[in-house]
Amino acid sequence: MKKNSKFVYLISPKKIKSNFFYNDLINIFKSKKVFYFQLRLKNEKPRKIVFIGKKIKKICKRFNVKLIINDSPLLAKKIGADGCHLGQSDYSVRYARNILKKKIIGVTCHNSKKLIKKAIIDKPSYIAIGAFFSSKTKKVKYKASIELLKMAKKMTKIPIVVIGGINFKNYKKLILNKANFLAISGYIWNNKKLNPFEALNKLK
């Protein structure tokens, strides 16, 4: 089955503690499987996010990876990122569009047909649905099904990002059901058996 060769939407670890992270990121990007990289640092001060974001932006640019900033269109603009990702409790797509103009704006729709329909009207760059599997990165409040993915694909041509506990054992089912991108975090950064590059390389 033909699929996008850059099918990974990589989400950062919760904390970026050392320079080893940047080396790991370079190795991961060399795989040419990552299309988006989302910087998601919920507990850092904005100034620290901007500092880290600008360093990551240089690496993303080198490997032609789209840098997305979680939650804040204002920080995305400050960093000069490619766009931002909005949760349901964040800003509206319209507000983000006013700040970021034609840049990428993604929106979380959890497991809700209603939120998917609303998002289609708002015209984001992509729609994220999940969680498809249980995850150690985030407590699963919303459980999504393959049926919802199939339905979303019929409803819109907007790319669909699937999220939630995705790893080497379960990712193929989502690809086969035409998910455009797999959002992955814990499997890459918290893998006890494989380093980040090895973990990513198992996804073919």
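This is a predicted model: local features need pLDDT of at least 70, side-chain atom pairs count only at pLDDT 80 or more; totals for chains, interfaces and linings use all residues.
Biologist: Hello! Where does Lys178 lie in this model?

Modeller: Residues are numbered from 1 along each chain as its sequence is written, and side-chain values use heavy atoms, without hydrogens or water. Helices (DSSP runs of H or I, at least four residues) and strands (runs of E, at least two) are numbered from the N terminus. Lys178 sits in the loop between helix H7 (171-176) and strand S8 (181-184).

Biologist: Is Lys178 buried or exposed?

Modeller: Buried means under 20% relative accessible area, exposed over 50%, and partly exposed in between (1.4 Å probe, protein chains only). Lys178 has a relative accessible area of 55%, so this residue counts as exposed.

Biologist: What is the phi of Lys178?

Modeller: Most residues other than glycine have a negative phi. Lys178 is not a glycine, yet its phi is positive, at about 70°.

Biologist: And what is the phi of Asp71?

Modeller: Asp71 is found in the loop between S3 and H3. Though Asp71 is not a glycine, its phi is also positive, at about 75°.

Biologist: Which residue meets Asp71 in a salt bridge?

Modeller: A salt bridge here is a side-chain nitrogen of Lys or Arg within 4 Å of a carboxyl oxygen of Asp or Glu, and the structure holds three. In the one with Asp71, N and O are 2.9 Å apart, and the partner is Lys42.

Biologist: How many residues apart in sequence are the parts that the pair of Lys42 and Asp71 ties together?

Modeller: In that salt bridge, the two side chains meet at 2.9 Å. Lys42 lies in the loop between strand S2 (34-39) and H2, and Asp71 in the loop between strand S3 (66-70) and H3, so the separation is 29 residues.

Biologist: Which residue forms a salt bridge with Asp122?

Modeller: Asp122 is partly exposed at 31% relative accessible area. The N to O distance is 2.9 Å, and the residue is Lys118.

Biologist: Which helix gives the positive surface patch its largest share?

Modeller: Patch residues have over 30% relative accessible area and no salt bridge, with like charges joined within 9 Å and nonpolar side chains (Val, Leu, Ile, Met, Phe, Trp, Tyr) within 5 Å. Areas are Shrake-Rupley values with a 1.4 Å probe, and only the protein chains shown count as cover; Lys (placed at NZ) and Arg (at CZ) count as positive, with His and chain ends not counted. The patch includes Lys61 and Lys103. Five of its residues come from helix H2.

Biologist: What is the relative accessible area of Phe29?

Modeller: Phe29 is in helix H1 (residues 20-29). Leaving aside residues up to four places away in sequence, Phe29 touches Val34, Phe37, Ile59, Cys60, Phe63 and Val65, where contact means heavy atoms within 4.5 Å. Phe29 counts as buried because its relative accessible area is 3%.
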